[in-house]
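Here are my notes on the model you sent over. Have it open on your screen while you go through the points.

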Amino acid sequence: MFRLFRKTLATHSIILCCLNLSAQSVPDTLKLLNDVVVRSYFSNQPLLKSTASVGVLTSKQLQNQSEQSLIPAINSLPGVRMEERSPGSYRLSIRGSLLRSPFGIRNIKLYIDEYALTDAGGNSYLNLLDAGTLNSITVLKGPHGSSFGANTGGVVLIDPLKLRDSSFLSASLTAGSYGLFHQRASIQKQWKNYSFNFNQGYQNADGYRENSALERKYASLSQKWQYTKKSQLRSTFLFSDLNYQTPGGLTAQQAELNPRLARPATNTLPGAIQQQAGIKNKTLFGGVLNEYQINSSIRHIISIFGSATDFKNPFITNYEERSEKSAGIRTFLEHQLKQNKFHLISNMGIESQATGSDINNSKNNSGTRGLLQSQDELKAFQTFYFAHLSANFFNNLTIEAGTSINRYSYSYKTVVPVTTPEAKKRFDQQLMPRLAVSYLFNTHAAWRASVSRGYSPPTIAEVRASNNVINTNLQPESGWNYETGLRISGFSDRVFIDLNIFYFHLQDAIVRRVNANDTEFFINAGGTKQRGFEGQLVQWLVSPNSNRFIRSLQLRTGITLNHFKFHEYVVGNAVFSGNKLTGVPRDVFINSLDVEFVKGFSFFAQHNYTSSIPLNDANSAYADSYHLIQLKTFWRPYQKNKRFALQLFAGADNLLNTSYSLGNDLNAVGNRFYNPAADLNSYVGLTINFK
């Protein structure tokens with residue numbers, strides 16, 4: 001695979017050189033790739049100089065994909081894999097962190113602006129967001145607990161549509177295969193020192209499989225008030241009403257005979273349609289942030305955030321209801337010192353959260369709640385203190401050091417079937433350090449290296465899994481991550497190469513096991529040794545703003561090579577040590593082409609190759625490798641009125657009509673591993689903007 005990467009790099013370089021001979025020269029002031037800025041920690045930083053392994057999705061990259069799903073865009077990032085067992089049922093894996101996530105997102109920390117979307121219990125509802133309303137996404141790969149608290153997978157930083165200094169009105173409509181309908185509207189108003197942005201979205205689809213329909217109603221409001229020259233107050237509020245059906249996993253034979261089938265009934269269990277299996281989630285999330293520039297070198301930020309969730313899950317075996325309420329605070333003080341060619345930035349702060357979960361399980365009478373079977377009350381508490389130093393010498397050597405002290409505990413109380421007194425489980429304090437260095441050889445090349453410790457306690461969904469038993473024996477997982485990388489930009493900043501290798505040793509890994517009645521539980525079982533390579537090549541073959549027929553042309557290539565193995569992993573009499581990590585493909589190659597023509601025409605294409613995936617810990621079953629091709633075309637007619645803009649677009653997914661499963665049920669009972677994804681499907685739409 002490394003040989004293939006070298007061939008790809010060589011081929012692209014030859015093409016670039018040939019085009020350079022005929023294309024107009026690019027002005028030295030045109031920085032197409034080298035000036036990409038990322039929000040890696042507490043402030044923005046040039047990507048070339050960043051010490052972290054970062055994946056960035058800009059607003060342009062998000063717009064190139066369909067607005068109804070984040071999956072194709074996020075899967076274009078090396079080392080990152082997003083899945084959905086059915087539309088709306090997101091799972092997110094960064095460097096193999098999917099092992100303990102049968103559904104949802106765990107082991108990864110998510111933020112919207114400076115507000116933690118992940119609650120104190122370790123749960124993140126990314127599927128609540130409307131993909132068309134997001135401005136950018138930054139993914140920090142590997143443990144980043146020194147600044148963001150407990151995680152071993154990584155951190156996702158989400159920027160909603162930013163409040164630009166302008167007023168506008170925007171609306172979008174999309175219709176497509178399998179009953180897809182997506183509508184979005186945005187309005188922004190800018191006054192002298194105050195602005196607001198309101199987004200509304202509605203999405204509905206029948207789904208490719210039986211019992212896989214989705215409906216989401218979404219609204220968000222962002223505000224910014226610059227109440228003094230040195231101070232600003234920001235806020236973000238969102239409400240999402242998400243309702244999607246879950247068709248359930250199929251065996252290989254069932255998926256081959258009829259991939260659109262929902263999970264059928266067996267001799268002992270009813271089917272997904274009979275039980276009306278699905279998820280109903282209503283969540284209100286909000287946060288308020290104050291930023292105060294005390295003087296030219298000291299800045300203070302404080303944010304307060306919280307959420308309330310009403311969650312219902314009629315499942316094959318029961319009907320679960322959860323009422324979740326969360327509150328949190330994050331604050332830090334930043335100091336900058338500049339002397340000659342030395343620049344020091346220091347940050348110190350605290351983040352604290354609490355989440356209360358009332359969980360009821362009843363009998364599922366064909367989608368209707370029946371007799372109450374169990375009721376538990378759990379509360380999670382998470383606090384960490386963090387400090388971070390970043391020192392830059394002579395504008396080319398950057399040394400970063402950070403650490404955090406983490407405290408995590410939860411309390412639990414059973415109400416039904418037998419009421420018990422409240423008890424508390426407290427874990428030992430954990431230190432999560434990180435040391436990193438970046439050296440800028442010149443304006444076109446930089447080397448980086450880092451070592452960091454990750455730590456992740458069990459989530460509430462793992463402590464109290466679907467077997468309705470509170471497992472106080474479950475312990476946190478932790479591990480050390482080592483990595484080094486190289487970033488290069490060249491050909492007048494028209495080529496950007498990002499290479500990274502890493503080694504992560506995870507201990508006391510939390511893994512999912514399934515009972516014969518299809519309920520789940522979690523155990524600590526050994527660990528993993530994860531070695532990997534991530535590479536990305538970005539090339540402007542034709543620079544933007546060219547006067548030619550092709551106004552711009554960009555190629556992207558992403559490569560992920562995983563060598564992930566279980567280590568000292570024993571369950572009963574079964575020994576899985578040395579087996580491949582469940583749910584992780586060995587190789588992933590992503591190639592994309594983005595072309596803009598004259599007269600407002602543009603074209604985007606993306607190819608995804610994913611190798612075979614082990615479906616159980618024994619490695620006795622695999623999902624086949626697959627190729628996916630996605631296309632999207634745009635037409636922006638020339639408008640004499642600069643205050644009005646129209647864009648028409650059309651796209652297609654799975655152009656090769658590949659049979660594949662985008663989200664597998666790992667270690668499934670009865671070998672029901674497969675959740676077939678949609679075959680060839682398409683969509684059309686339009687966007688209107690008024691200024």
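1. Let's start with the fold as a whole. Among contacts between residues at least 6 apart in sequence, what percentage join residues at least 24 apart? The answer is 65%. Keep in mind that this is a predicted model.

2. How far can you trust it? The average pLDDT of the chain is 90, and 94% of the residues score at least 70. Be careful with residues 1–31, though, where pLDDT stays under 50. For that stretch the model has 37 contacts beyond four places in sequence.

3. Now the overall shape. For 691 residues, a compact globule would have a radius of gyration near 26 Å, and the chain's 25 Å agrees with that. Along the principal axes, the C-alpha atoms fill a box of roughly 75 × 55 × 55 Å. You'll be counting strands for a while: there are 38 of them, plus 6 helices.

4. The accessible surface is about 28500 Å², with 57% of it belonging to carbon and sulfur atoms.

5. Leu648 sits in strand β37 (residues 644–653). Its relative accessible area is 30%, so Leu648 is partly exposed.

6. Next, salt bridges: the whole structure has 28. One of them joins the side chains of Arg106 and Glu462 (3.6 Å, N to O). These two are 356 residues apart, with Arg106 in the loop between β5 and β6 and Glu462 in helix α6. Arg106 has 2% relative accessibility, so it counts as buried; Glu462, at 1%, counts as buried too.

7. Another pair is Lys141 and Glu534, which meet at 3.3 Å, N to O. Here strand β8 is linked to strand β28, across 393 residues of sequence. Both Lys141 and Glu534 are buried.

8. Arg464 and Glu320 form a salt bridge as well, with their closest N and O atoms 3.9 Å apart. Arg464 is in the loop between α6 and β24, while Glu320 belongs to strand β17. Both partners are buried. Elsewhere on your tour, find the salt-bridge network that links Asp113, Arg234, Glu291, Arg299 and Glu334.

9. Last one: how far apart in space are Ala668 and Thr251, C-alpha to C-alpha? They are 9.5 Å apart, despite 417 residues of separation in sequence. Ala668 lies in the loop between β37 and β38, and its relative accessible area of 16% is why it counts as buried.

Technical notes. Residues numbered from 1 in each chain as written. Predicted model: local features only at pLDDT ≥ 70, side-chain atom pairs only at ≥ 80, totals over all residues. Heavy atoms only, no water. pLDDT = per-residue confidence, 0-100. Contact = heavy atoms within 4.5 Å. Helix = DSSP H or I, 4+ residues; strand = E, 2+ residues; numbered from the N terminus. Buried < 20%, exposed > 50% of the residue type's maximum accessible area, 1.4 Å probe, protein only. Rg over C-alpha atoms; globule rule 2.2 N^0.38 Å. Areas by Shrake-Rupley, 256 points an atom, 1.4 Å probe, with all protein chains shown as cover. Salt bridge = Lys/Arg side-chain N within 4 Å of Asp/Glu carboxyl O.
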